[in-house]
Amino acid sequence: MSTAELVTVTIDERSVQVPKGTGLVETAAMAGIEIPVFCYEPRLGAAVGACRMCLVEVEGMPPKPQAGCTLSAQEGMVVKTARTSELARSAQNATLEFILVNHPLDCPVCDKGGECPLQDLTFRYGPGRTRMTFEKRTFEKPIPISPAISLDRERCILCYRCTRFSESVSEDGQLVAVNRGAQSLIATFEDEPYTGPFTGNVTELCPVGALLPTQPRFEIRPWELQSVPTVCGLCPVGCNIDVNQREGKVKRILSRNHPELDEGWLCDKGRFGFSHLYAQDRITDPLRRVRRRGLEELSWADALDEAERLLRAAEGRIAVALSGSETNEHAYGLAKLIRRGLASHSAVLPEETGAGLDAFRAPLAAIRDAELVVVLGDDPVAERAPIADLWLRKARRAGAEIVELGPLGDLQVAPGTTAQACRKLLRSELGSRLRTSERAILIWSGGGAGGGSHLAALAGELGFAAKPGCAAFLLPETANGRGVAEAWAAASDEEGAEDQPLGLLIVSGDEAAANPNVRALAERAESVLAITMFHTLAVGWSDLVLPGTSYLERDGTYVNLEGRIQRLRRAAIPPAPDELAWIAELAARFQVELSPHPSLVFSELSERVFGGVTYEDLGEQARLPERAPFAATAESPDEPVPAEAAGGGLQLLRYRPLFSGAAVERVPELQFQRPPPQIELSAEDASRLGVSSGQPLSVRSNGTSLELKAAVNRHLRPGTARIAEEHARRLHGSVEVSP
Amino acid sequence: MAELIVLAGAQDRDLTQLAEYRAVGGYVQLERARALAPTSVIEELNTANLRGRGGAFFPTGKKMQFIPSREQIDKPHYVCVNADESEPGTFKDREIMQRVPHRLLEGCLIAAHAIDAQHVFIYIRGEYLAEFELLKTALDDAREAGLLGETVIVLHRGAGAYICGEESGLLESLEGKRGQPRSRPPFPASSGLYASPTLINNVETIATIPKVLELGGAEYARLGAPPDSTGTRLFCVSGNVVKGGNYELPMGITIREVIYDLAGGIPEGRELKAVIPGGSSMPILSADQIDVPLEHDALRALDTFLGAAAVIVIDDRACMVQLGLRVAQFYMHESCGKCTPCREGTRWLVQLLEAIEAGQATHSQLELLLDVCDRILGKCLCPLGDAAAMPVASYVVKFREEFRAHVDQGRCPFGGASSLEGLFAPVDQHGQHPVLAEGVPA
């Protein structure tokens, strides 16, 4: 660790040794002494000293209270807090009196009550009664600063945590303070909704009940909530979360700071996405297709009999389409059943993943310390792994150079040509800087096969394996695609036979159900068994539907994009048995030994692929496994280069927005975050076509025609048309655009 | 006999004209300074013991010495000139810009040389449009005459916030951000404008520099009230006096001399009630304290400060509660809202003073008023909170009987006959310039 010089600081007559420059608030905490704060939050950048809660007395400084949060430990420093200094005590008491002068004191109806720092610090340091007898300042309230967050300006104590987050963490600049003095208030520009991947973090930063999530409004008392430490399953980052539930229902999700991984930030999808659990179209009972009558519910016993019948009828001609959202244990259980019990080995895996990158493994936090980061690929990082975007911003603020190479990047290349660009990169000036840097990072942020192998080859070529400060990250599309692939592989060494008519297709999960390739496969299958959470997805084309569960309802493990194995804990009671429970039951019918308990399945799986680590080893905050030795791999073949759009056409770039997918579609508070039906055009193409943002356009390709609104994106490569997956529908290849 | 320093030559010449300014020795010191090592220039200012004229009285040379060398911090150096003169009762920087703009520019260029800066920013109060135009013309003339050399001088107009006259608020505003003070340390000398080493000084301080070099530091240090209060100040005399205006005088002159010998006394034979020696934010002096010399140490002994040398004369028509209210309302309006005690405290002070003036307060609320002042004092992020608390508390302490009378009588004892006429209101500068050099005891 750090070899910083140690200094001795005396706080309230207690001596403590800390590295020189440690913040005084942290130094005091080391001595077991509280310096109370509101505005101080080191993750928001330099201390601002605004709230004046942290006032202390410091020997040798001017004889007035000093803002402790702005000071740092120096040798011989002698500090007195409110415990031992009348000056500090009365100063802190004064700050609280001033804060409360215009505070509505509506704690009994405030959702923050019970976990409110203002309440707590008032009890510890504040005046017991008010001397304010005049009219308090009032504001209109609550203001919905977005459908997900409400703002109570009367409760606001103007600590500026939210505006500092917006300005210097998410860097969206949308939350600002307007007006001056006692009339200052927090607002968005022209009252536009606060939009972006990270807005919900301000509800956790707010030290009072001013910024609150609307989802649990008036439904929760903090002391009635039970908190379950688990990980988010909506993207491959796997942010550590605390799921707050009451009476078995999830009420809200808070971050559970893993400093190497998420630094205590969450994206709005992870924070607010949970209410998909309670969607109207959630499937809670097994369903069977009955000729001419459609679907009918059936009991679990009948459903398992029916599943057994379908499995036997397929005579080994079974394919499993996996989602990448299954737990390792669930995927392993399914693999054992199908591969060992039925000797069927063909699977549709959600995406190509591989162990090749383990030689360049590092925690996401390594991005922060980089001096040079190259982001390769078609998609912005925030769409695929939002928290990685915050690490990149932090690196840039610390002076790192971030180079984006892609259709939206600083170095513009056509969609789908990242692999080619990689090879050019090796020979470029940027490539030689990557080669010589000790702190360089590569990030592959795009779809298409072979990304992992290309990235591993590139990192290997650049000598990253021998440089601990250099790392390579692949941002996959699914939360646990890699774990699922490893679990599938671990269940058997047999290979699947090809080219036989498909007897049964098992569609495991909603992502698989939404995949058009899986849909096409279903057309060829004699029967389809789907495991899905929602009615609209696979139900129309399945013979048997078994209710799926969510990551919030399962025990088990996920492997995140770093290769970190993390534990999921059941935070909510699912409306149906979880997958592993009934898979184990079916397995028994085919003489396959499979425990219904995730912990036991994990032990078995871990022996095979995770080097025997146990649940206990994983703990609540999992450590990243060591780097694997580097082995040069055969270069994977290039993907076919998409043809440049011919004639006046534009090359279509489809992308999956962060705010999309089965869960997001079912969360009312996230609808405003979904991209509108629009087509993004480069400024050059827009001016050539004579169109401006907001104008409706006709977009055509191969017989498909859609109407989409134009959106000029100044970062987009000319010749490209960028459309969200959900709006692009059947468009493909090259699109014609006209007003 | 006292002589003019900052305004020297302006009594009988139009020094806004470059040729006229050169005729009185203008820009000669710049040439001299540029031939000197920066350290020698700073040494001269230290010898003169030139102190900051914006109110903080910090030694100018020492401030320059705090600027780290380029070897220590590899960043550009900046000079910022605080021309955001907004303290009620002050109007001296305005007069300097109106009458000796070239002296200010010459001072800027010398300061830039002294700290090895290529850029100078002059942040001018938004309402000072005429002064901005004058300074702009002077700057154009100086540039055309090739006097700027490698130095770039930028004039920036503020947008009407008192807090932008606080140095770190000024820097934030200059950077295009919301005008709010910064927490210090780091101080501007190491991390100021664009996080680079920055020298920031008041207009009067900068405009004094050429004359310090002309006279020599040692000679300058003999003026005024050595050892600390050396040199002259532009005293902004306003309020209830016959001849308000700017008077450039050596420090150490007494308030009595200023009021009665120079400013013609109190109009219409009214009685002097009180004097504020340094601008609206300074604690008040009662009529029996006016023999105090206007210099730092003597005023400090009376618990007040010279501040920006704005002498506000108050006659017997003034209700001190109303005066406190006027001051508190100003600071409530100008509080930036960043730190708690100032934002909430100034509003509370106004509410308390309103209640007292309306005769609706209790004696315990008088004590509360003092306590609120005390709870603001010394606990804020910048001096603005103190600027409200110090004067209000001093009015209560010095005129407690008058405050008590409001409570006891349940109304203002003046019964509507009071007047705050001319208090904190600008003195008309354009009719006459009562700059006096004669008849003042040195």
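Mentor: Two strands pair if DSSP finds at least two bridges between them. Strands (E, at least two residues) and helices (H or I, at least four) are DSSP runs, numbered from the N terminus. This is a predicted model, where local features need pLDDT of at least 70 and side-chain atom pairs count only at pLDDT 80 or more, while totals for chains, interfaces and linings use all residues. Residues are numbered from 1 along each chain as its sequence is written, and chains are lettered from A and ligands numbered from 1 in the order in which they are written.

Trainee: What makes strand E29 (residues 678–681) and strand E31 (residues 704–712) of chain A a pair?
Mentor: Four bridges join E29(A) to E31(A), and the two run parallel. The definition asks for at least two bridges. A:Gln678 stands opposite A:Lys709 in E31(A).

Trainee: How is strand E30 (residues 696–701) of chain A joined to E31(A), parallel or antiparallel?
Mentor: Antiparallel, over six bridges. A:Leu697 stands opposite A:Leu708. The hairpin of E30(A) and E31(A) has two residues between its strands, and A:Asn702 there takes a positive phi near 35°.

Trainee: Why is chain A called as compact as a globular protein of its length?
Mentor: Chain A has 23 helices and 33 strands. Its radius of gyration is 28 Å, close to the 27 Å from the globule rule for 739 residues, so the description holds. That radius is taken over C-alpha atoms, and the rule is 2.2 Å times the number of residues to the power 0.38.

Trainee: What makes A:Glu620 partly exposed?
Mentor: A:Glu620 has 13 other C-beta atoms within 10 Å. A residue is buried at 20 or more such atoms within 10 Å, exposed at 12 or fewer, and partly exposed in between, with C-beta atoms placed from the backbone. A:Glu620 lies in the loop between helix H20 (615–618) and strand E28 (650–655) of chain A.

Trainee: Why is helix H10 (residues 386–397) of chain A called largely enclosed?
Mentor: Ten of its twelve residues are buried, so the rest of the structure largely encloses H10(A). Among them are A:Trp391 and A:Arg393. The buried residues pack against strand E18 (372–376), helix H9 (381–384), strand E19 (401–406) and strand E21 (440–444) of chain A.

Trainee: In chain B, what makes E8 and E10 edge strands?
Mentor: The open sheet has five strands in the order E8-E7-E11-E9-E10, with mixed pairing. Strands E8 (245–250) and E10 (285–286) each have a single partner strand, so one side of each lacks a neighbour in the sheet.

Trainee: How many residues of chain B touch chain A?
Mentor: 23 residues of chain B are in contact with 28 of chain A. Contact means that the C-beta atoms, placed from the backbone, lie within 7 Å. Helix H15 (340–357) of chain B is one of the elements that give two or more residues to that side. H15(B) gives the most, with nine residues.

Definitions and conventions
Contact = placed C-beta atoms within 7 Å.
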